[in-house]
Amino acid sequence: MLWRALMSGDIRSAFITLALSLPAIVLCLSIHETAHGGAAYLLGDRTARDSGRVTLSPMAHIDPIGFLCLLLFGFGWARPVPVNIANFRNRRWGMALTALAGPVSNFITAFIAYCLYFVVRMNMTNTFLWSLSQFLLIVASMSVGLGVFNLVPVHPLDGSRVVDAFMPFSWSLKLQKYQNIIFFVFIAALWFGWLDGIMDWVGNGVLMLAVNFVSLFL
């Protein structure tokens, strides 16, 4: 994202990327966290709703460090949504579905952004529409990055809550014991581009779904 634009030495490109990335980050993070809170509410837990977290207002969700990481590298996080698992009828599955709602919302957002991108590209006649098309591409890319990153099975990321629903509690405790090591190894893998293939695979999958969907109406 912005980091790559800065490393390329193209200041103009970096400035455009920054201007388009800031609102894209706000949108992606807000959708992600609102999905968590909304899912928890539907499953019987009002904690997030009562805390004002079932909202698209970015002020309720933004974490400064996670925001900066998403801006620079294309992956990041927001403030965790408060959840009381005691309010779920099935604690494990309630927590797993609540956690999964965030990444799923990002993949859906990416799909919609790609669809809108193709519509805009077919009718692009001025600078505003070009800027809009680039904004939609950034939203799609960031949504995929946010969704994939949060599916990593390391606490406190969403993937750990999903995995917990499928493994014995004793295994979950052992995984938590090494969570810091696993987390930093994953961050290093992202930094050095070792996981770019996974990101590209997921992104291309969502992109092809959007292409096939839009082609149905052409």
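Student: How many aromatic pairs does a search of the whole structure find?

Tutor: In this predicted model, the search finds 2 aromatic pairs. One of them joins Phe111 and Phe213, with 5.5 Å centre to centre and 65° between the planes.

Student: Why is the pair of Phe111 and Phe213 called edge-to-face?

Tutor: The centres must lie within 6.5 Å and the planes over 60 degrees apart. Phe111 and Phe213 have 5.5 Å between centres and 65° between planes, and the pair is therefore edge-to-face.

Student: What does the pair tie together?

Tutor: Phe111 belongs to helix α5 and Phe213 to helix α10, so the pair links parts that are 102 residues apart in sequence.

Student: What makes Tyr117 buried or exposed?

Tutor: Buried means under 20% relative accessible area. Tyr117 has 14%, so Tyr117 is buried, whereas Phe118, at 22%, is partly exposed.

Student: Which residues touch the most other members of the largest nonpolar core?

Tutor: They are Leu29 and Met142, in a core of 38 residues. Helix α6 supplies the largest share of this core, 11 residues. The residues that Leu29 touches include Ile62, Phe67 and Leu146, leaving aside residues up to four places away in sequence.

Methods:
Residues are numbered from 1 along each chain as its sequence is written. This is a predicted model: local features need pLDDT of at least 70, side-chain atom pairs count only at pLDDT 80 or more; totals for chains, interfaces and linings use all residues. Side-chain values use heavy atoms; hydrogens and water are left out. A nonpolar core is a set of buried Ala, Val, Leu, Ile, Met, Phe, Trp, Tyr and Cys residues joined through side-chain atoms within 4.5 Å. Buried means under 20% relative accessible area, exposed over 50%, partly exposed in between (1.4 Å probe, protein chains only). Helices (H or I, at least four residues) and strands (E, at least two) are DSSP runs, numbered from the N terminus. Contact means heavy atoms within 4.5 Å. Rings of Phe, Tyr and Trp (its six-membered ring) pair if their centres lie within 6.5 Å; planes under 30 degrees apart count as stacked, over 60 as edge-to-face and the rest as tilted.
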